[in-house]
Amino acid sequence: MYELLETIQKIYSKQEAEILTRAYYFAKTAHTGQKRASGEEYFIHPCAVAQILIDLGMDCASVAAAFLHDTIEDTPVSEGDIQKEFGDEVVLLVKGVTKLDKIEFKSQEEEQAENFKKIFVSMAKDIRVIIIKLADRLHNMRSLNFLSKERQQRMSKETLDIFAPLAGRLGISQIKCELEDLCLKYIDPDAYEFLSTNINAKIEERRKFVEFAVKEIQEIMNESGITGEVFGRPKHFYSIYKKMKKQGKTLDQIYDLTAVRAIVDDIDQCYELLGKIHKKWKPVPGRIKDYIATPKPNMYQSLHTTVVTDFGQTFEIQIRTKEMHRMAEYGIAAHWKYKENKDVESNFDTRLSWIREVMEWQGGVRDSKEFLESLKGDVYSSEVLVFTPKGEVKSLVKDATPIDFAYSVHTEVGHHCVGAKVNGKMVPLNTTLQVGDVVDIITLKSSKGPSWDWLKIAKSAGAKNKIRQFFRREMHEENIKLGKAMLEQEARNKGYNFSDLLNPVSFERIQTKLSFSTVDEMYMAVGGGIVTVNQVLVKLIDVARKEAPKVEVNKNVITHHNSSGDVIIKGIEGLLIRFAGCCNPVPGDKIVGFISRGRGVTVHRKDCPNMKNEDANRILEAQWSGKLGTDYIVGIEIHANETAPVLQIVSGICAQLDLFITSVNGRIDNKLRIAVVNMTVKLNTAGDLDTLLKKISAEKQIIEVFRTVT
């Protein structure tokens, strides 16, 4: 630990070294008497975290925060103490890393989700928070062998799900690779042991091959006047493990266990060397990747190619400039390590754009677990690089659709999207985009906004949450009414009175779990489809049983019938009720009500084909009330002799019945030699349709008449 102080004196300025030395002794005093699971002094841990950050080239405030990062959580030291001693910048970094140990959580999963949400909020304010957290996790993983097997597994899975992908997203490959290998050691120890034993067994053979490859590439460079260095790099275990799992291959079938890396002076030399290497050795089709022209989302740049030697040995070559190499190794930390370099400075903002995007949509995610799942999806997924019509590269998640692309351009482009062209051709909005596609979004200012179905089509968390935010804003009042009605209906279905279940005590119990601040917010979330009816109701029933045992299931609960217009929907009051255009129900038809999220209740015929595959929980009992007040349009088709005056006959009957014809379309079927007339008629009463059909069919020149679905 004292060697660490000597390193600080060499690297940092006199003033900075004095601050870091004070932070060192402050933390040492605070952690006095504390031990790690290994039995070592606890202070070893903050020193190790500080050393990792020094190796990354981080600034004075970050290293000071590393020394102090566990003091607020694990010692009597307060935020005020740190602020007084080290100032606002350091205390904000320490607070960003500190866990939420003072909040009571109902489950470990909830605690983990809330912690990650806090890290991201802090990250948006200062990216150094996550870099300190990554260093903290790296040292904890290095000493994981002293913990129980259960904790080893839990921490390794958490690290593999969140921290390693985050390190990758920030471009810090050295931390990402080490974290992944350490996770594999505990998640699948047999596989780790197998790889370790078998790869090391052939290490001498591979060393000789690497020496051969390096020598050959160096000769190519010398002959071409390309300056730079070439060296071999063994691939880390987890990347080999993933390839074996994904491709179903044995270790013997994985040929590129070692990569050779060439570092040259400029981009022109990168492409020149690639061409010369392909001239010497045959490249493997589909394994040439140009990350210089189209960098990864974390701004990683390099040329990758896999080649086959004359004697059949396959290996990978990576070609990059010195600047690209620094960025690949240190990622976002290069902003501090090489701060005199202008390219590093400009790349810094580009790397942060992803963080800003996450924070933009996280504001609309109230549930921490939902935030965590969304984050996993966006961070861990493979990227798909596509282009705008102007040639700008957009990085999207795997299986992304034009909707994801539209929202990645701008929120308003997404909201007003009405169609898409991919490579010049019109495509459905659920089309899966492929690498290299050119996507053009067609927008319409008069568009009313996204469809709720887009939530099933969109793949990125950002797009989904922007769609949800739109519905929260646009459908606020309607969703409150609908959500309340849905909860009341489902409560009755389960044998409860909703008003008994929901009270100030029960709402207080569930609002933290579901992140609601008001009852109306809960109704709105249910009505907008943000949470399901059962997510709320099951928790309310659970609270009712624990807090108020007197609330029992009442098997004789009477369902109230509330009418709207001339249709009765069980359990619905004050909501918009409209009639489906797909089946045009009319009085006398057997009907059901279907809860259309954000649009009230739609009445369908019970035998409507569109109802077959819908969610049964959203289908309500419905019946005709006999009251008037809504126009019912019915379609009929008439077959008659080809010379019959059909329109005259039908219009006369409609006039007798005081019915209004709304449309007519007629034709002659030359094959059958009959007249075919389709028309729509507005009815007045439930019995009008039967009367109309009987009177028309009674005419001599009419062959048949029947109702149609319009």
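A salt bridge is taken here as a side-chain nitrogen of Lys or Arg within 4 Å of a carboxyl oxygen of Asp or Glu. The model is predicted. By this rule, 15 salt bridges are counted. Lys176 and Glu180 form one of them, with their closest N and O atoms 3.4 Å apart. Both residues belong to helix α11 (residues 173-187), and because they are 4 residues apart, about one helical turn separates them. Lys176 is partly exposed, at 23% relative accessible area. Glu180 is buried, at 5%.

Other charged pairs were also examined. Arg605 and Asp607 are joined by a salt bridge with an N to O distance of 3.5 Å. Here Arg605 is buried, at 15% relative accessibility, whereas Asp607 is exposed, at 52%. A further salt bridge, of 3.2 Å from N to O, joins Arg673 and Glu642. This pair links distant parts of the chain, 31 residues apart. Arg673 lies in the loop between β19 (660-669) and β20 (674-683), and Glu642 in the loop between β18 (632-641) and α29 (646-657). Arg673 is exposed, at 57%; Glu642 is partly exposed, at 33%. A salt-bridge network connects Glu18, Arg22 and Glu85.

Positive charge also forms a surface patch, made of Lys242, Lys246, Lys289 and Lys398. Lys242 sits in helix α14 (residues 237-247). Its relative accessibility of 43% makes Lys242 partly exposed.

The whole structure holds 14 aromatic pairs. In one of them, Tyr24 and Phe43 have ring centres 5.0 Å apart and planes at 75°, so the pair is edge-to-face. Tyr24 is in helix α2 (residues 14-30), and Phe43 is in the loop between α2 and α3 (44-56), 19 residues apart. Tyr24 and Phe43 are buried.

The rings of Phe209 and Phe311 are also edge-to-face, because their planes stand at 85°, with centres 6.3 Å apart. This pair spans 102 residues, from Phe209 in helix α13 (residues 203-224) to Phe311 in the loop between β5 (303-308) and β6 (314-321). Phe209 is buried, at 14% relative accessible area, while Phe311 is exposed, at 54%. Phe209 and Phe311 belong to one aromatic cluster with Phe212, Trp281 and Phe315.

Gln313 is likewise placed in the loop between β5 and β6. Gln313 is partly exposed, at 26%. Its C-alpha lies 8.9 Å from that of Phe209, although Gln313 and Phe209 are 104 residues apart in sequence.

Conventions:
Residues are numbered from 1 along each chain as its sequence is written. This is a predicted model: local features need pLDDT of at least 70, side-chain atom pairs count only at pLDDT 80 or more; totals for chains, interfaces and linings use all residues. Side-chain values use heavy atoms; hydrogens and water are left out. Patches are made of residues with over 30% relative accessible area and no salt bridge: like charges are joined within 9 Å, nonpolar side chains (Val, Leu, Ile, Met, Phe, Trp, Tyr) within 5 Å. Accessible areas come from the Shrake-Rupley method with a 1.4 Å probe; for residues, only the protein chains shown count as cover. Lys and Arg count as positive and Asp and Glu as negative; His and the chain ends are not counted. The place of a charge is taken as NZ of Lys, CZ of Arg, CG of Asp or CD of Glu. Helices (H or I, at least four residues) and strands (E, at least two) are DSSP runs, numbered from the N terminus. Buried means under 20% relative accessible area, exposed over 50%, partly exposed in between (1.4 Å probe, protein chains only). Rings of Phe, Tyr and Trp (its six-membered ring) pair if their centres lie within 6.5 Å; planes under 30 degrees apart count as stacked, over 60 as edge-to-face and the rest as tilted.
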